[in-house]
Amino acid sequence: ERDIPEPVKLCDPWATEGVNLIASRPKLGKTTLARQKLAAAACAAEFLDSKFTQAVDSAFLCLEEGELLCRLKFKLAGFPGEALASIQIFFDWPRGMAGIELLHRYLTENPGVKLVVIDSLSKFRMVPDVRQSSFMADYEAMSALHEMAKKHQGVCFDVIHHTRKAKGDDPIDDISGTYGLTAACDSYMVMRYHADGAVLYAGGRLWTRDDSQYSIRRAGSQRWEMIGVHLDLT
């Protein structure tokens with residue numbers, strides 16, 4: 001009998017509330033895609049084949065790139081000034097539960113922040129205990145973030161991760177680690193290299209489209225553009 005609201009979709013389907021895992025091999029361009037989404041969220045602009053419904057503030061936990069490289073890449077992308085003014089960037093953040101508790105306090109004090117990008121999971125989670133099974137370590141790391149995310153309805157958390165070298169039949173198998181990661185997140189996106197750019201595979205609890213794989217290509221050095229549904233024709 002409770003009135004349960006629909007999940008908030010800042011940019012349907014690319015920015016939906018909850019924890020979303022985004023994975024690809026190193027240097028393919030997942031952080032570039034994340035920066036593009038941050039800028040689009042700030043201006044209620046287009047992102048891939050959709051558009052943000054409203055302008056929102058964002059937080060970027062840039063734990064992989066240093067400040068100079070991050071500033072350079074934002075500059076090369078040519079995003080408008082109002083977009084950059086709405087993105088708060090952090091280059092240091094505590095790991096594990098301390099980091100999750102700090103993120104909870106930050107979002108409580110900054111209710112206008114509706115998009116959080118964590119780059120990357122390896123730099124954000126606690127270093128796994130070798131005495132614990134890999135599945136449980138992965139599941140608990142993602143579950144702790146997911147439990148915190150449930151306290152902040154309407155916030156989209158994008159967590160950047162890596163893929164393994166071997167390519168599986170199912171793109172979800174590409175994600176480095178065990179199924180514990182994808183079991184505990186709400187949705188996932190896997191980028192695979194393709195001759196024309198990359199193929200983006202998406203799925204999860206809140207994915208509602210019939211299509212789940214898309215071709216994207218570089219539009220300049222620091223942007224991606226949507227080509228369309230990938231028909232899996234090599």
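This report describes the cores, pockets, cavities and paired strands of a predicted protein model.

## Basis of the report

The model is predicted, and local features need pLDDT of at least 70, side-chain atom pairs count only at pLDDT 80 or more, and totals for chains, interfaces and linings use all residues. Residues are numbered from 1 along each chain as its sequence is written, and side-chain values use heavy atoms, with hydrogens and water left out.

## Nonpolar cores

A nonpolar core is a set of buried Ala, Val, Leu, Ile, Met, Phe, Trp, Tyr and Cys residues joined through side-chain atoms within 4.5 Å. Buried means under 20% relative accessible area, exposed over 50%, and partly exposed in between, with a 1.4 Å probe and protein chains only. The largest such core holds 39 residues, and those with the most contacts inside it are Trp14, Phe47, Leu48, Phe52, Phe60, Met191 and Ile216. Helix H1 (residues 30-43) provides the largest share of this core, 7 residues. Helices (H or I, at least four residues) and strands (E, at least two) are DSSP runs, numbered from the N terminus. Another core, of 34 residues, lies apart from the largest one and includes Trp93, Leu107, Leu145 and Val199.

Two residues show the surroundings in detail, with contact meaning heavy atoms within 4.5 Å. Leaving aside neighbours within four places in sequence, Trp14 is in contact with Lys37, Phe47, Leu48, Asp49, Ser50, Met189, Leu200, Trp207, Arg209, Tyr214 and Met226. Gln36 is found in helix H1. Gln36 counts as buried because its relative accessible area is 9%. With neighbours within four places in sequence again left aside, Gln36 is in contact with Phe47, Phe79, Arg223 and Trp224.

## Pockets

Pockets and cavities are found on a 1 Å grid over the protein atoms alone: a cavity is a set of points where a 1.4 Å probe fits but cannot get out, a pocket is an open set with protein on both sides within 12 Å along at least five of seven lines, and lining residues have an atom within 4 Å of a point. Grid points are joined across faces, edges and corners, and a volume is the space filled by probe spheres set on the points. The largest pocket contains about 330 Å³ of space. Its lining has 17 residues, and Lys27, Lys30, Thr31, Glu65 and Lys73 lie nearest its centre. At least two lining residues come from each of H1, helix H2 (67-77) and strand E9 (156-162), and H1 gives the most, with 4 residues. By class, this lining has 4 nonpolar, 5 polar and 8 charged residues. Here Ala, Val, Leu, Ile, Met, Phe, Trp, Tyr, Cys and Pro count as nonpolar, Asp, Glu, Lys and Arg as charged, and the others, Gly among them, as polar.

The second largest pocket contains about 260 Å³ of space. It is lined by 16 residues, with Arg125, Met126, Ala137, Glu140 and Ala141 nearest its centre. Helix H4 (96-109), helix H5 (121-124) and helix H6 (134-149) are the elements that give two or more residues to this lining, and H6 gives the most, with 5 residues. The lining of the second largest pocket divides into 11 nonpolar, 2 polar and 3 charged residues.

## Cavities

The model has 2 cavities of 30 Å³ or more. The largest cavity contains about 120 Å³ of space, and its lining includes Pro13, Trp14, Asn20, Lys37, Asp158, Met189 and Trp207. Strand E10 (187-194) and strand E2 (15-16) each supply at least two of the lining residues, and the largest share, 3 residues, comes from E10. This lining has 7 nonpolar, 3 polar and 2 charged residues.

The second largest cavity contains about 40 Å³ of space. Ile22, Lys30, Leu33, Ala34, Lys37, Phe47, Asp158 and Met189 form its lining. H1 gives the most to this lining, with 4 residues, and the classes are 5 nonpolar, no polar and 3 charged.

## Paired strands

Two strands pair if DSSP finds at least two bridges between them. Strand E11 (residues 197-204) and strand E12 (residues 213-218) pair in the antiparallel sense over 4 bridges, and Tyr201 stands opposite Gln213 in E12. E12 also pairs with strand E13 (residues 224-229), in the antiparallel sense over 5 bridges. The bridge partner of Ser215 is Gly228 in E13. E12 and E13 form a hairpin with 5 residues between them, and Gly220 in the turn has a positive phi of about 90°.
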